[in-house]
Amino acid sequence: MYKFFGKYVPYLFLVPALVLLGIFFFIPFVQTLGLSFYDYSENLYNPVFAGLGNYFTVFKDPVFIKVLLNTFVFLVVVVPFLTIFPLFLAILVNQKLRGMKLYKVLIYLPVVVSIVVCAIAFKWIYAEHGIFNYFLSVFGLNPVGWLTDTRYSLFSVALVTIWKGIGYYMVIYLAALMSVPEELYEACEIDGANSWQKHLTVTVPHLIPTIALVSTISAISAMKVFAEIYVMTKGGPLNSSKTIVYYIYERAFENLDLGMASAMAVILLVIVLILSAINIFCFERDKYRI
Amino acid sequence: MKIKPVLSHILLITVSILSVFPFLWLISTSLKGGAENIFAYPPNFIPQDFTLENYTGVWAKVDFLKYFFNSAVVAFFTVILNLLFSSMAAYPLARMEFKGKRIAFFAILATIMIPFQAVMLPVYLIILNLNLIDTAGPIQGYLGLILPFAVSAFGIFLMRQAFLSIPKEMEEAAIIDGCNSIQIFFKVLLPMVKPTLAILAIFTFIGSWGEFLWPSIVLSEEKMFTLPVGINNLQGIFSSNWRYIAAGSVISIIPIIVFFLSLQRYFITGQNEGAVKG
């Protein structure tokens, strides 16, 4: 029996994964491209070929322009913070002092808790008579509509994304810190550098590949932000906290405008594809070498 | 290489408190009775009118056990299928030479770059066509939740790395003993990559347990809700009753906190170096 299967063995092992990836990634990928060329806005059951029509519609849609801008602002806020702050924390928590394990556990906790509960917890903090407005009142400031004011809603959502991501990236840095050779620090010590100088001259240069990796993967996951927005603001008020995945969701599943949703999905796909390609071919090359 | 210990502790204590504060504040609110103003300024961190009534109240109105059960079924099968299919696909990619290997390799690599969010609409249409939705029955509903995440390119590459690190001599010895490829896979290679399987299992579990986007798209029947969908739904049921919403949220995170604390070394020691997911 084994002899019979002999030369087919590699294929037999690959079949389940390839079939599933085919059904749930490749076919949908092709369908997304296909759907984006059809206009569903007039009649859901009888779409008409529209060529690049949906793409023109999308870029003429002021909401989409707003959404793209929001997504960009979201990235600009979230990515630098999630790239730098966890590195700083990893350096702190990597010291041989008491209680470091406890700090790591507490800082990592938000990573494992469902984003829905995290968003609800922050919604409560952001409430009109919530904790944040209490702190403002302590300083004699007027209350702020953290989630209900168009000026703040996007940043309030971004804070939740940052808060939930810190532990995750800290651990990535912790793993990388283990590979920094101890001798480099000793050499630095002889030169009389203080601890911050040591980290700036030894740790940071040594971790450049990891810093680059963290910045791209945090950018990819920021591009995909959805649940925080769904739970806290539904993209509002006045689209002020709406980002691309939320708008695709809204167009596809609430307005049933499949063509326009797919055109936006293709745009999302292109952006994430570029970020992932940078990541795979520059920073994680060894892992993906055939 | 030491930063001043006192300064380190002060900074880390501050960050630790900020990390858990939102949860502590939910717990505090969930323990406050009707006689206490939950919007009081200054806020009371220690409940003045201590009660467990919010817990009994929300437990009586919402079928948490059903949500737990649904989440557990979905997470369990998602993990099992991922472990099996990812390691199966990784084995020939790491260990065999065959026609079409490069095509398979790059096809899988390509799916790592496709975000689910960009293809979710066709995936939903496919699931509808296969009738794998909750209105067709619980089994179909579960399958619709599980199958799109039953294998991931990320998992395949993680397992491939693990197989690559095993010395070839192990297999050669097994072949001399008369093992075939299938026996080598199950009896020799899989036991040697147990630590990586554990990491894949844990991260797949966390992802599946917390997943919100996909279940919120496919689920329409309340009895099929997973925990995140059910908890989000509390906001609709109890509109502004924050005592109940807080109590329900706290109930929902107990299992994952226990899971995390009992397996914390896998999360925080940096053993999961390979488990970086974009």
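Predicted model: local features only at pLDDT ≥ 70, side-chain atom pairs only at ≥ 80, totals over all residues.

Residues are numbered from 1 along each chain as its sequence is written, and chains are lettered from A and ligands numbered from 1 in the order in which they are written.

**The chain contact.** Select chains A and B: 81 residues of chain A and 80 residues of chain B take part (contact: C-beta atoms, placed from the backbone, within 7 Å). On the chain A side, helix α2 (residues 9-35) gives the most, 18 residues.

**A helix pair.** Now pick α4 (residues 101-113) and α7 (residues 153-164) of chain B, whose axes come within 8 Å and cross at roughly 125°. Show Ile108(B), Leu109(B), Thr111(B) and Ile112(B) of α4(B) against Ala153(B), Phe154(B) and Ile156(B) of α7(B) to see the contact.

**Cis peptides.** Go to Gly236(A) and Pro237(A), joined by a cis bond with omega about -10°; Pro237(A) sits in the loop between α12 (227-232) and α13 (244-254) of chain A. Then jump to Tyr41(B) and Pro42(B), also joined by a cis bond, with omega about -10°.

**Positive phi.** Back in the α12 to α13 loop of chain A, find Leu238(A). Its phi is positive, about 50°, though Leu238(A) is not a glycine. Leu238(A) counts as exposed because it has 11 C-beta neighbours inside 10 Å (exposed: 12 or fewer).

Methods. Axes fitted to C-alpha atoms, helices over the stretch in contact; angles between N-to-C directions. Helix = DSSP H or I, 4+ residues; strand = E, 2+ residues; numbered from the N terminus. Contact = placed C-beta atoms within 7 Å. Buried ≥ 20, exposed ≤ 12 C-beta atoms within 10 Å, placed from the backbone.
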